[in-house]
Amino acid sequence: MLKIGLVSVSDRASSGIYQDKGIPELSSWLQKAIKGDFIIETRLIPDEQTIVEETLIELVDEHACHLILTTGGTGPAKRDITPDATMAIADKVMPGFGEQMRQISLHFVPTAILSRQVGVVRKQCLILNLPGQPKSIKETLEGVKSDDGKVLVSGIFASVPYCIQLLEGPYIETNESIVNAFRPKSAIKQ
Ligand SMILES: Nc1ncnc2c1ncn2[C@@H]1O[C@H](COP(=O)(O)OP(=O)(O)OP(=O)(O)O)[C@@H](O)[C@H]1O
Ligand SMILES: Nc1nc2c(c(=O)[nH]1)N[C@H]1C(S)=C(S)[C@@H](COP(=O)(O)O)O[C@H]1N2
């Protein structure tokens with residue numbers, strides 16, 4: 001069974017100053033995009049590097065998540081440390097994810113370049129950082145579409161199922177009206 005960790009990194013949401021919108025946004029997008037069942041593990045934590053690292057390690061090493069999506073703490077401010085924590089616990093860096101996320105986001109906001117978001121692999125798990133703005137979750141995962149729904153720039157989720165397949169995780173199928181998972185022909189299961 002596919003297992004996904006959702007981690008919202010926010011000082012203010014985790015201390016109750018405002019309500020966390022990160023985890024609800026992530027889980028409702030995934031419910032729409034993924035065909036079939038999956039389990040989610042959620043964590044709402046402050047922007048503390050040790051806590052972010054411990055949380056990611058726990059979700060991979062103890063819960064065996066295949067995918068972890070973080071939201072928040074990717075910018076240049078003093079307490080923005082999510083990418084640093086992610087890199088610190090990584091086995092491999094996947095630079096294409098960071099590059100593609102910033103490309104996509106530039107279609108929505110000029111400040112996309114302020115996000116230091118990264119994608120990494122730890123053990124069998126792909127970990128992706130998304131920005132903290134709740135609207136950036138759909139934007140980044142789904143990509144840029146025209147008003148009639150034509151895909152202009154692919155969202156990063158298009159590459160996630162094949163990446164997890166290469167990491168020997170479950171075979172993920174997506175709802176094509178939301179995001180079309182791309183695989184080489186030889187990797188498609190009929
Ligand atoms: N988890 C969240 N839930 C709801 N809104 C959020 C969340 N995280 C961020 N936002 C919104 O996006 C904006 C930019 O996010 P950013 O991660 O830079 O927050 P911040 O200003 O560093 O504060 P904090 O880490 O306490 O959320 C915030 O000002 C807030 O309006
Ligand atoms: N798709 C998308 N990417 C985005 C944004 C956004 O609204 N949408 N906000 C940007 C802004 S304003 C900042 S400061 C950086 C870092 O945000 P974070 O610190 O909340 O992670 O992400 C950027 N990337």
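Colleague: In what order do the six strands of the open sheet stand?
Modeller: In this predicted model, six strands form an open sheet whose pairing is mixed. Strand S3 (38-45) and strand S5 (92-93) each have a single partner strand, so they stand at the edges with one side left without a neighbour in the sheet. The order is S3-S1-S4-S7-S6-S5.

Colleague: What confidence does the model carry, as the chain average of pLDDT?
Modeller: The model scores ipTM 0.95 and pTM 0.97. Of the residues, 100% score at least 70. The chain averages a pLDDT of 97.

Colleague: Which residue in S3 stands opposite Leu2?
Modeller: Strand S1 (residues 2-9) is joined to S3 by eight bridges, and the two run parallel. Within S3, the residue opposite Leu2 is Phe38.

Colleague: Which residue in S4 is the bridge partner of Gly5?
Modeller: S1 also pairs with S4, in the parallel sense and over five bridges. In S4, the bridge partner of Gly5 is Ile68.

Colleague: Which residue in S7 stands opposite Thr70?
Modeller: S4 and S7 run parallel and are joined by five bridges. The residue of S7 that stands opposite Thr70 is Asn129.

Colleague: Why is S4 largely enclosed by the rest of the structure, and which residues point each way from it?
Modeller: S4 is largely enclosed because five of its five residues are buried. A residue counts as buried when 20 or more other C-beta atoms lie within 10 Å of its own. Leu67, Leu69 and Thr71 point one way from S4, and the residues that point the other way are Ile68 and Thr70.

Colleague: At about what angle to S3 does helix H3 run?
Modeller: Helix H3 (residues 49-62) lies across S1, S3, strand S4 (67-71), strand S6 (119-122) and strand S7 (125-130). Its angle to S3 is about 165°.

Colleague: Which residues of helix H6 are buried?
Modeller: Six of the eight residues of helix H6 (residues 135-142) are buried, so the helix is largely enclosed by the rest of the structure. Their cover includes helix H2 (22-33), S4, helix H5 (95-106), S7 and strand S8 (143-145). The buried residues are Ser136, Ile137, Glu139, Thr140, Leu141 and Glu142.

Colleague: Which helix gives the largest share of the shell around ligand 1?
Modeller: Ligand 1 is surrounded by 17 residues, the closest being Ser10, Asp11, Arg12, Lys21 and Gly132. By class, the shell divides into four nonpolar, eight polar and five charged residues. The largest share, three residues, comes from helix H1 (residues 11-14).

Colleague: Which element gives the largest share of the shell around ligand 2?
Modeller: The shell of ligand 2 holds 19 residues, and the closest are Thr74, Gly75, Ser105, Gly132 and Ser136. Five of the shell residues are nonpolar, 11 are polar and three are charged. The largest share, four residues, comes from H6.

Colleague: Which residue in the hairpin of S8 and S9 takes a positive phi near 90°?
Modeller: The hairpin has five residues between its strands. The residue with a positive phi near 90° there is Gly149.

Colleague: Does Glu168 count as buried or exposed?
Modeller: Glu168 lies in the loop between helix H7 (160-166) and strand S10 (173-174). Although Glu168 is not a glycine, it has a positive phi of about 70°. With 8 C-beta neighbours inside 10 Å, Glu168 counts as exposed.

Terms used. Residues are numbered from 1 along each chain as its sequence is written. Chains are lettered from A and ligands numbered from 1 in the order in which they are written. This is a predicted model: local features need pLDDT of at least 70, side-chain atom pairs count only at pLDDT 80 or more; totals for chains, interfaces and linings use all residues. Two strands pair if DSSP finds at least two bridges between them. Two residues are in contact if their C-beta atoms, placed from the backbone, lie within 7 Å. Axes are lines fitted to C-alpha atoms, for helices over the stretch in contact, and angles run from 0 to 180 degrees between N-to-C directions. A residue is buried if 20 or more other C-beta atoms lie within 10 Å of its own, exposed if 12 or fewer, and partly exposed in between; C-beta atoms are placed from the backbone. A residue is near a molecule or strand if its C-beta atom, placed from the backbone, lies within 6 Å of it. Ala, Val, Leu, Ile, Met, Phe, Trp, Tyr, Cys and Pro count as nonpolar, Asp, Glu, Lys and Arg as charged, and the others, Gly among them, as polar. pLDDT is the predictor's confidence in each residue, from 0 to 100.
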